[in-house]
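Here are some notes for a colleague who has not looked at this entry before. They follow a few elements in turn and can be read beside the structure.

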Amino acid sequence: MKIIHLSDPHIEPKLLHGIDSKQRFKLALEHIKENHINADHFIITGDITHFGQNNSYQIFKDILVEINLPKHLKPKLILGNHDNRENFKKNFPDIKTDKNGFVQYVEKDNDKTFIFLDTNLAGKDEGYLCEKRQHWLIDILQKEKQNKIFLFMHHNPLALGHKKSDSIGLVQREEFKKILLQFKNSIEHIFFGHQHITSSGQYLGINFSSPRSTWQPLVSNFIDKYRLGTANTDPNYNVILLSDDSIIVHSEDFLKSEVNWFESE
Ligand SMILES: [Fe+2]
Ligand SMILES: [Fe+2]
């Protein structure tokens, strides 16, 4: 199975930090169309727009229509801190929500269960998974624990460096940790975005990975206080190859140029 994991397109009509997020998202989609049409799933883990405005969601949808990916690659979406839940729902009326109106839902593919979480709290950059959302997650994990479970969320569930330096990750880390520990035998991988950095590793015995943003990569912070920075480096998206005995996460720098494939003799 091949999964495309893209994050943080931050669509906005105007330039953001001198970068056209619309254009970069378009280039990423063109790259996917050219190289990964055989993927099984396409997931975008939030910060779909920069300001959560209706016209930005409309531009996002227009770009998807223009690139015209095959039907099976219609992206599954979740919310980021930059999104607006009400505008998101207005623009994507088909997307499922839980009984409390959060954009949380489940998709199944044979022995695999994909769980999509909503960690948005209006006006906050950090992530929130309130008790209602936690209960929803626990119920689903309980029902699906015979399957291989893959979690998709916008915010990083653990600090990606020093704890003190990460003030915009998930706030309910301890509560989430308890849930993960309870179901760690069923959870295969956690996919997230938000920090705009390529990361991968293991947490509580569960694999995780994140791509950069397609708009603006940020710089990893290795010091013990909050610091955020941009750099002139490649944006990317991830390509995940799943098999019975492995999970491989590739990083696609879609702005790469001068690609030369060696020809076989
Ligand atoms: Fe973002
Ligand atoms: Fe974010």
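In which sense do strand β1 and β10 pair, and over how many bridges?

1. The model discussed here is a predicted one. In it, strand β1 (residues 2–6) is paired with β10 in the antiparallel sense, and four bridges join the two. One point to look up is H5, whose bridge partner in β10 is N238.

2. Strand β10 also pairs with strand β11 (residues 246–252), again in the antiparallel sense. This pairing runs over seven bridges. L241 can be found opposite I248 of β11. Two residues lie between β10 and β11, and the two strands form a hairpin.

3. Strand β10 covers residues 237–243, and five of its seven residues are buried, so the strand is largely enclosed by the rest of the structure. The cut-off behind this is that a residue counts as buried if 20 or more other C-beta atoms lie within 10 Å of its own.

4. Six strands make up an open sheet, and their order across it is β4-β5-β6-β7-β9-β8. The pairing in this sheet is mixed. At the edges stand β4 (105–109) and β8 (199–203); each has a single partner strand, so one side of each has no neighbour in the sheet. From one strand to the next, the twist averages 20°.

5. Within that order, strand β5 (residues 112–116) and strand β6 (residues 148–152) pair in the parallel sense, over five bridges. I115 has L151 in β6 as its bridge partner.

6. Helix α4 (residues 131–144) packs with helix α5 (residues 173–183). Their axes are 11 Å apart and the angle is about 5°. Angles under 35 degrees count as roughly parallel, and α4 and α5 are therefore described as roughly parallel to each other.

7. The contact of these two helices involves Q134, L137, I138 and L141 from α4, which meet E175, I179 and F183 from α5. By type, the residues of this contact are five nonpolar, one polar and one charged.

8. L160 sits in the loop between β6 and α5. Is this residue buried or exposed? L160 has 20 other C-beta atoms within 10 Å, so it is buried. Leaving aside residues up to four places away in sequence, L160 touches D166, Q195 and S199. L160 and P217 are 57 residues apart in sequence, and their C-alpha atoms are 15 Å apart in space.

Note on methods: Residues numbered from 1 in each chain as written. Chains lettered and ligands numbered in written order. Predicted model: local features only at pLDDT ≥ 70, side-chain atom pairs only at ≥ 80, totals over all residues. Buried ≥ 20, exposed ≤ 12 C-beta atoms within 10 Å, placed from the backbone. Pairing = 2+ DSSP bridges. Axes fitted to C-alpha atoms, helices over the stretch in contact; angles between N-to-C directions. Parallel < 35°, antiparallel > 145°, perpendicular 65-115°, else oblique. Contact = placed C-beta atoms within 7 Å. Nonpolar A, V, L, I, M, F, W, Y, C, P; charged D, E, K, R; others polar.
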